[in-house]
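Hi,

Here is the structure I promised to pass on. Please have a look at it below, and then read on for what turned up.

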Amino acid sequence: ADLVAGSIKWNDQPVSPHYIADSFHRAYRMAVTPPHGPSLVVVDDWLQERSLTDIRSTLTIPAYHAPAAPVADAQALAAAASLLAGAQYPVIVADRAVSTQDGMNRIGELAALIGAPVLNGPSRICLPTNHPLNLTGNQPSVVAKADVLLFLGVDDVWDVVYSLSDTVTRPTRRIAKPDAKIIT
């Protein structure tokens, strides 16, 4: 699991037969809870090859309960709304923020409401490429103008705010204004 840790949402390696069902149950719940993402259960070869005949009657499968979508703190939402409403040039950077057409429509509505360009992240298209506020191809110039950056489902904020040259010395420079407000 360590090899793919940066690409998965959750992982586990159950150490006993009694815990295998719980582990798969939790992995599924984590994968389908927004923001959706892959989960991994690694079952050791010792467990795979072990006979369960003697303990079969003690093994159970937990009841499934659908996860509730996470909800943001009301004060944090009010503060974010205040920053966005007062911004001269707000920018929305969205990556793993939506998984439905309705979610995509809401990103478009928010962008139109506050007059913000949207930059799609590398993992998912959150605003159609033909939408007039989709400026994904102009990321460096858009980020440089922003006074407020709203990140939705973005794993690596640093990669948007800074530039890293692919040279021996690896110099970095901030693309975003030094006083730009960042909302994650």
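A term first: a salt bridge here is a side-chain nitrogen of Lys or Arg within 4 Å of a carboxyl oxygen of Asp or Glu. Please also keep in mind that this is a predicted model.

That term matters for D147, which sits in the loop between helix 5 (139-145) and strand 5. D147 is buried but forms no salt bridge. How far away is the nearest side chain of opposite charge? That side chain is K177, at 6.0 Å. D147 does have a backbone neighbour, though: a polar atom of its side chain lies 2.8 Å from the backbone nitrogen of Y89.

The largest pocket has a volume of about 900 Å³. Its lining counts 29 residues, and A72, L77, A97, L150 and L152 are the ones nearest its centre. Helix 3 (74-85), helix 4 (101-114) and strand 5 (148-152) are the elements that give two or more residues to this lining. By class, the lining of the largest pocket holds 19 nonpolar, six polar and four charged residues.

The second largest pocket comes to about 240 Å³. Fourteen residues line it, with D95, P122, V154, D156 and D159 closest to its centre. At least two lining residues come from each of strand 4 (118-120) and helix 6 (158-161). Here the lining of the second largest pocket splits into five nonpolar, four polar and five charged residues.

Best wishes

Technical notes:
Residues are numbered from 1 along each chain as its sequence is written. This is a predicted model: local features need pLDDT of at least 70, side-chain atom pairs count only at pLDDT 80 or more; totals for chains, interfaces and linings use all residues. Side-chain values use heavy atoms; hydrogens and water are left out. On a 1 Å grid over the protein atoms alone, a cavity is a set of points where a 1.4 Å probe fits but cannot get out, and a pocket is an open set with protein on both sides within 12 Å along at least five of seven lines; lining residues have an atom within 4 Å of a point. Grid points are joined across faces, edges and corners, and a volume is the space filled by probe spheres set on the points. Helices (H or I, at least four residues) and strands (E, at least two) are DSSP runs, numbered from the N terminus. Ala, Val, Leu, Ile, Met, Phe, Trp, Tyr, Cys and Pro count as nonpolar, Asp, Glu, Lys and Arg as charged, and the others, Gly among them, as polar. Buried means under 20% relative accessible area, exposed over 50%, partly exposed in between (1.4 Å probe, protein chains only). Lys and Arg count as positive and Asp and Glu as negative; His and the chain ends are not counted. A polar contact is a pair of N or O atoms within 3.5 Å; within protein, one must be able to donate a hydrogen and the other to accept it, and residues adjacent in sequence count only if both atoms are side-chain atoms.
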